[in-house]
Amino acid sequence: MKVLVTGANGFVGAHLCRRLVERGADVRALVRQGSDQSELKGQSVDIVHGDILDLASLERATQGCEQVYHLAANVKFFTRNPEAMRAANTQGTRNVLTAARKAGVRIMIHTSTAAVLRRGTNSPSADETMLKDDHEAVGVYELSKLEADRVAMEACAEGLPVIIINLAAPIGPGDAKPSPIGHTIIQFLKGRFPVYTNSGLNVVDVRDAAEGHCLAAEKGTIGHRYILGGENISLKDFLGVLGELSGVPSPTIQVPYALTLIGGVMGEITGRLTNKEPLACLASVRMGKYPHYVSIDKAKRELGYRPGPIRASLQEEIEWFRAHGMV
């Protein structure tokens, strides 16, 4: 079976390619010309160059494929160019769907984010029914992913066999870019995380996330969405585990949300002046106002999804970052 993976050289994409090959798939890995392909090195995949904003390149890449896994996206909470992010995440998704329809694929897996699911004090664990409205989106990243989800479901209504994955924060080795959670871990390891807030998140081993994508293609229901997550954990406990594993002291001071907003404003200013991702920006601070926990019951029940504990995954990620000179 020939499959296409967009964003194949990304954190989750590279692990997904490896898992698909292990399952016997003939994998075509779509990457941009000149991009870092180190995580694909040694993998038995057919690397093809293209861009999700270039429809012609996508049509060439999808030709003859039975399945498409669309993971390519602009995944940043801070950006100096919101229109470019919306183009990549929304128009890019539309292009991939168009190419997949033309190729007549049997399954189209669209990877979204758990960040598009509603959360708050009255809904501590979001499920697949709790999709945000646009006015609830925090920052351009969430808005662009909500738009991409709608585009995917519209394509499904028109006959394309689409399944949506809402992915929690992936952890583990190989986070070269790094991802937003990887950025947080790096800043912690550098001693730049002096305080914490009353927040929380869901984290999942990247290899479990890759397996979950395969299970969704095998067992998922067309037109449905599935949350692929791991453990719900408070930010305090998450930083505590990082401290135990790394030897870096974890913060002991909790600060109120209002104070973190000031830090977010300062981060925005710093990021725009330096063109570097700050420790915190307004979007990341606002996203952390409440714990963002999710339920993976549907994926467990319908897909047989069984993620493992996260402690060993965090240890591997810490060691990987250190071995690659990122801290």
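Helix α3 bends by about 30° at Gly 92, the bend at a residue being the angle between axes fitted to the seven residues ending there and the seven starting there. This is a predicted model, in which local features need pLDDT of at least 70 and side-chain atom pairs count only at pLDDT 80 or more, while totals for chains, interfaces and linings use all residues. Residues are numbered from 1 along each chain as its sequence is written, and side-chain values use heavy atoms, with hydrogens and water left out.

As a setting for that helix, the secondary structure of the protein chain comes to eleven helices and 14 strands. Here helices (H or I, at least four residues) and strands (E, at least two) are DSSP runs, numbered from the N terminus. Of the 327 residues of the protein chain, 56% count as buried; buried means under 20% relative accessible area, exposed over 50%, and partly exposed in between, with a 1.4 Å probe and protein chains only. Among contacts (heavy atoms within 4.5 Å) with a separation of 6 or more, 77% come from residues 24 or more positions apart.

Helix α3 covers residues 82–103, and its 22 residues should span 32 Å at 1.5 Å a residue. The expected span is 1.5 Å times one less than the number of residues. The end C-alpha atoms of α3 are 31 Å apart, which agrees with that expectation. After α3 comes Gly 104, whose phi is positive, near 70°.

Asn 89 lies in α3 and is buried, with a relative accessible area of 1%. Leaving out residues up to four places away in sequence, Asn 89 touches Ala 73, Asn 74, Tyr 141, Ser 144, Lys 145 and Ala 148. The C-alpha atoms of Asn 89 and Tyr 141 are separated by 8.3 Å, although the two residues are 52 apart along the chain. Ala 100 also belongs to α3, and its relative accessible area is 0%, so it is buried. With residues up to four places away again not counted, Ala 100 touches Thr 62, Val 68, Val 105, Met 108 and Leu 160. Ala 100 and Cys 65 are 35 residues apart in sequence and 8.4 Å apart in space, C-alpha to C-alpha.

Ala 155 is placed in helix α4 and is buried, with a relative accessible area of 4%. Its contacts, neighbours within four places in sequence set aside, are Leu 97, Arg 101 and Leu 160. The twelve residues of α1 (residues 11–22) should span 16 Å at 1.5 Å a residue, and the end C-alpha atoms are 17 Å apart, which agrees. Phe 11, Val 12, Gly 13, Ala 14, His 15, Leu 16, Cys 17 and Leu 20 of α1 are buried. The cover over these residues includes β1, β2 (26–31), β4, β7, β8 (169–171) and α6 (206–219). Just after α1, Gly 24 takes a positive phi of about 95°.

Attention now turns to helix α11 and its packing partners. Two packed helices are described by the angle between their axes and the distance between the axes. The axes are lines fitted to C-alpha atoms, for helices over the stretch in contact, and angles run from 0 to 180 degrees between N-to-C directions. Helix α7 (residues 235–246) and helix α11 (residues 311–323) pack at an angle of about 60°, with their axes 10 Å apart. That angle makes α7 oblique to α11, since angles under 35 degrees count as roughly parallel, over 145 as roughly antiparallel, 65 to 115 as roughly perpendicular and the rest as oblique. The crossing of α7 and α11 is right-handed; a crossing is right-handed if the near helix is turned clockwise from the far one by less than a right angle, and left-handed if anticlockwise. Phe 238, Val 241, Leu 242, Glu 244, Leu 245 and Ser 246 in α7 meet Arg 311, Leu 314, Gln 315, Ile 318 and Arg 322 in α11.

Helix α5 (residues 180–189) also meets α11, their axes coming within 11 Å and crossing at roughly 70°. This makes α5 roughly perpendicular to α11. The crossing of α5 past α11 is right-handed. Gly 182, Ile 185, Ile 186 and Leu 189 of α5 make the contact with Leu 314, Glu 317, Ile 318, Phe 321 and Arg 322 of α11.
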